[in-house]
Amino acid sequence: MRIGQGFDVHAFGEGGHVMLGGVRIPHDRGVEAHSDGDVVLHALCDAIFGALALGDIGRHFPPSQEQWRDVDSRVFLRHAAGMMRDRGYAMGNADVTVICERPKVGPHAQAMREIIARELGCDVECISVKATTTEKLGFTGRGEGIAAQACVLLVVA
């Protein structure tokens, strides 16, 4: 078994939606990011790369490379999942926490779970997506940005 953890954060900026777990969620702001800024999938990729001791998402998809501009973060997750499988592992489980005051994550959590499970090739029961606030403290509490953390357990396939 291998365990990995990941974290990602993006500042809010111009726009009318955020991408979370592959789901387009209407919001009065967008995020400032090179790709689509999906903090859920970025944190999850970092957790998988960490479990495999392969660095972080920036090593695999450098923001300095124009080819990754505005790309759908499911591309990153598919790459991480392929590396996981190529090394003989499968997803045991993944636990993701979104940290924000808004948008509300709960109504979209099941759709995120289903997308993540499909991309990772595992049962939806292996994927947890939940949210918390920071009780209006810090940058997320002030509505300046959004963050996510993820933990994964990889098992021998």
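Reply: Start with burial. In this predicted model, 51% of the 157 residues of the protein count as buried. The accessible surface comes to about 7500 Å², and carbon and sulfur atoms account for 51% of that area.

Me: What radius of gyration would a compact globule with 157 residues have, and what does the protein have?

Reply: The general idea is to set the value against a rule based on chain length. For 157 residues the rule puts a compact globule near 15 Å, and the protein has 15 Å, so the two agree. Along the principal axes, the C-alpha atoms fill a box of roughly 40 × 35 × 25 Å.

Me: How many helices and strands are there, and in what order do the elements run?

Reply: The protein has five helices and seven strands. From the N terminus, the order is β-β-β-β-α-α-α-β-α-β-α-β. For contacts between residues at least 6 apart in sequence, 70% join residues at least 24 apart.

Me: Now the single residue. Where is aspartate 38, and which side chain of opposite charge is nearest to it?

Reply: Aspartate 38 lies in the loop between β4 (30-31) and α1 (39-51). Aspartate 38 is buried but has no salt bridge. A salt bridge needs the charged atoms within 4 Å; the nearest side chain of opposite charge, arginine 74, is 7.0 Å away.

Me: What does the side chain of aspartate 38 reach?

Reply: The backbone nitrogen of glycine 21, at 2.9 Å. Beyond four places in sequence, the contacts of aspartate 38 are Asp8, Met19, Leu20, Gly21, Gly22 and Ser73.

Terms used: Residues numbered from 1 in each chain as written. Predicted model: local features only at pLDDT ≥ 70, side-chain atom pairs only at ≥ 80, totals over all residues. Heavy atoms only, no water. Helix = DSSP H or I, 4+ residues; strand = E, 2+ residues; numbered from the N terminus. Buried < 20%, exposed > 50% of the residue type's maximum accessible area, 1.4 Å probe, protein only. Lys, Arg positive; Asp, Glu negative; His and termini not counted. Polar contact = N/O pair within 3.5 Å; in protein donor to acceptor, adjacent residues only side chain to side chain. Contact = heavy atoms within 4.5 Å. Rg over C-alpha atoms; globule rule 2.2 N^0.38 Å. Areas by Shrake-Rupley, 256 points an atom, 1.4 Å probe, with all protein chains shown as cover.
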